[in-house]
Amino acid sequence: MIDRLLDTARGTVDGADALWRREERTTVAFESGRLKAAGISEEAGLNLRVLARGRMGVAGTTAAKPDPAALLDRARASAELGEVVDLAFPGAGTAHLPPISTFFERTADASLNTLIRMGRLLVERLARPDCQVNVSVEREVADTAVGNSAGARGEYRATGIALTADITRIAGDDVLMVYDQYVGADMPSDADLETLVRSVETRLAAALKVVTPPDGALPVVFTPAGLAAVVLPLEQALSGKTVLQGSSPLAGKVGETLFDERLSIIDDPLTPGRPASRPVDDECVPSRATGLVEHGVVGRFVYDLETAARARTQSTGNGRRGVFGKPHIGYTNVVFRMTDGAHVGSESHALGGGLIADIDDGLIVDDLIGVGQGNVISGAFSHPVGLAYRVQRGEVTGRVKDAAVAGNAYDLLKRIGGFGTDGRWLGSRWSPSMRLEGVSVARR
Amino acid sequence: MRDRLAAAVKQSRAGYTEIRVERIWSSAVAFRGRRLETATVSEDQGGFVRVLNQGCGWGIASFTSLDELPAMVARANELSRAVRLDEPIRLADTPPESADAVLELDGDVRGISLSEKKQLLDRYNGAMLAVSNQIVDTQASYRDEVSEVWYVNSEGTSLYQRRPEVVVSGTAIARRNGTIEKGLESIGLRKGWDSVQGFDDRFRVVAQRAVDLLEAPRVRGGAYPVILDNELAGVFIHEAFGHLSEADFVYENPQARDMMTLGRRFGKPVLNVGDNGAAPGLRGTLPYDDEGTPTQDTPLIREGILVGRLHSRETAAKLGERPTGNARAISFRHPPIVRMTNTYIAPGDTGVGFDDLIRDIPLGVYACGAFGGQTMLENFSFTAGWGYMIRDGKVAELVKDVVLAGNLFQTLDRIDHIAGDFSWNQMGGGCGKGGQFPLPVTEGAPHVRIEEALIGGDV
């Protein structure tokens, strides 16, 4: 399909690249402990970008039998209005793609009954009186092909499987929700399932008792899930797009030590077994790791082809595109790597990741409400807690409600109070818990 | 198309079968700063099949290749039969409907050139950029669509719906040294080209506000009397209460049902809340939902008492209530689930104005506009676009980072005054639930006073 499309484009435009993707998804859903639905979805789409008289245009289609000429016409019409950009498509020479396992046969071949069994096992392990357990299992097999008029081609199959468990416990007007997931390219092992069950159980057990929230500027342990509010501003500010637009507070700071020197952040598309891993990005750029923050120093921003061309730098292989619209910057696997020697592994699943022993009064934050709203890139955040625990004299004393935490991500990450021993994947991010000092906690 | 779907339904071996096919024509233009990002025309199409068998669960298939329709009906049937249930799924009865429900296009977007759309957005984007050299970045987007939906089920319902939509939105980013602020405008209508002209001033105003916020102090965290403007009051009722009134939250959960017992007092007698999918001309409006049930005005809270909830056919059957036309899917890629449409706080007495609400507040916060909101059932958060302190009964200085954190039950009960100045707030974006985002919805409200609410921020 890609070859036919690029052949059609040849001679009529200055250059072109395209992505074709076919996805097959199988889902089973358990609602309140009962298997309620099974579904499949099949979707294929084609996205074309052209350069015509130096201007860029795009078009996409989900038609079953796409007409290359019609798609090309739409892309050229789009280019007539498009901006001039000095885009260079990577050549065939770069076609040597890094070997990376994205496809796992046993994931692709898992039968509907296997998926149902796995979901049922989770439901049974998590069942308890007065709790509603929702579980879903979703398996995906995707074929991706990319190519461009400079002769580069890339193709790969990928699998993904996601198990999610949602527990809701309502007692009077108190609503408690605990959520966790396993996401991987390969099927979860028994140990993975056990970890998921234990993670939910631990957080549920500690949440049954409700205690008064503390108040003031306090040490707060952000769990890997709770870290989202702190990580999101960084992810936005490290994008070449916001740097180019002048809205990134990190623009012009490459080489400066802005964060705790034990903190490194890497975008790594080559991590084995992760659904976000890939040998090549959606613009034919071979994958490689990018050091975003290295030992507290701002390293490199991530770019796709267009933003790289405008910033006069190289794409970092972070091009991502859907069926419709033009390619944009997207992270792959974002890995928080700690270099203080002592804590790196994922040996502990205790709440707080071993960071609470010397906290006299503080919080463990596992979920905040409303992350991503507001003025994210400024680093300032202020959110009510969704799921948080009070720590007193080194111990978890219960769940707190009706409290809000606030701070500035850039300031808080200058001095990290400690990295937990509970590093884990959460979607496409790997991190341990982090203890941050002087976080504002307000209670009603 | 309807005949084709009817034939496929007829061939289905399942007890209940429904098929939905969508064809969506859309165009989009986007600017980032002075630079055009994209100008594209897209055509998206696909189908959705859902079947139910006696003693079995739902079997679902979605696909982009319509040639495979009969095969997909068969696959969905197999999937349904693989899901064994002790307690059967029942669907509440609805009379079969047969209709062409064609909403007014108000200037067919398909007949306007992409370059005209680019010019319009360029003007709105330019209006933001021209405000100050402290506006360092903008994002402006125009998107329109005309979606055609065919729906046929095995109970005799056969519908064709045409739903237009147009959204213009802009974000202005102001920066002074390390301080970055934003202003947001968004207009989303279930209409066409003619309805999005002449909004230059609205884009200018939000850019100016972003600049003003650079100098504004952060609001000091704590508990205050809070006045919500119309927009934020609408977001509040959607987030804080609307999601709890979706019956899929309670229908399988006895404890949740206890919490949401009809007849329970939720607020003072001044509070009236509802959801109206049949309100004319709004973005959340649709003649029929995605199960073929006609939409309606559903009272949820009347004089402070919980009186209703939003249903699909499945949740209505389970609770022995009537379907309300709230089963919606964002596209053929998804099953219908219980969703809001146009959710509102009804206006108070026409004589009551904003001044009456703030007159007796010595120190409070006037929270305006909405950057967004999220709910975790009893707890919610919403982020105002900007705010003002209220001092001695008067609106005082501009403040920023106004985030309201709250508990639903306490907060609803603390609404003590509602003004008469109702307006619908038709924004772009939409609501997210169960992986389905963005669903077009509208919220409407007058100015609302909360006796005391928690504002996050520095303490």
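What radius of gyration does chain B have, and what would a compact globule of 459 residues have? Chain B has 23 Å, which agrees with the value near 23 Å for a compact globule of 459 residues. The radius is taken over C-alpha atoms, and the globule rule is 2.2 Å times the number of residues to the power 0.38.

This is a predicted model, in which local features need pLDDT of at least 70 and side-chain atom pairs count only at pLDDT 80 or more, while totals for chains, interfaces and linings use all residues. Residues are numbered from 1 along each chain as its sequence is written, and chains are lettered from A and ligands numbered from 1 in the order in which they are written.

**Stop 1: chain B**

Select chain B. Its C-alpha atoms fill a box of roughly 70 × 55 × 40 Å along the principal axes. Colour by secondary structure to find nine helices and 26 strands; these are DSSP runs numbered from the N terminus, helices being H or I of at least four residues and strands E of at least two. Buried residues (20 or more other C-beta atoms within 10 Å of their own, with C-beta atoms placed from the backbone) make up 57% of the chain.

**Stop 2: the two domains of chain A**

Now select residues 2-207 of chain A, domain 1, and then 210-443, domain 2. The bounds come from an automatic or database domain assignment. The domain centres, taken over C-alpha atoms, are 23 Å apart. Across the boundary, 42 residues of domain 1 of chain A are in contact with 36 of domain 2 of chain A, contact meaning C-beta atoms, placed from the backbone, within 7 Å. On the domain 1 side, α5 (190-207) of chain A supplies the largest share, seven residues.

**Stop 3: strand β22 of chain A**

Select residues 434-443 of chain A, strand β22, where eight of ten residues are buried. Strands count as paired if DSSP finds at least two bridges between them.

- β8 (216-222) of chain A runs antiparallel to β22(A), with six bridges; Ala217(A) stands opposite Ser440(A).
- β18 (403-408) of chain A is antiparallel, with four bridges; Val405(A) is the bridge partner of Val441(A).
- β19 (416-419) of chain A is antiparallel, with three bridges; Gly418(A) is the bridge partner of Arg435(A).

**Stop 4: an open sheet in chain A**

Finally, show the six strands β11-β10-β9-β14-β21-β20 of chain A, an open sheet with mixed pairing. β11 (297-298) and β20 (424-426) of chain A stand at the edges with a single partner strand each, so one side of each has no neighbour in the sheet. Inside the order, β14 (334-338) and β21 (429-431) of chain A pair in the parallel sense over two bridges, and Val334(A) is the bridge partner of Arg429(A).

Definitions and conventions
A residue is buried if 20 or more other C-beta atoms lie within 10 Å of its own, exposed if 12 or fewer, and partly exposed in between; C-beta atoms are placed from the backbone. Two residues are in contact if their C-beta atoms, placed from the backbone, lie within 7 Å.
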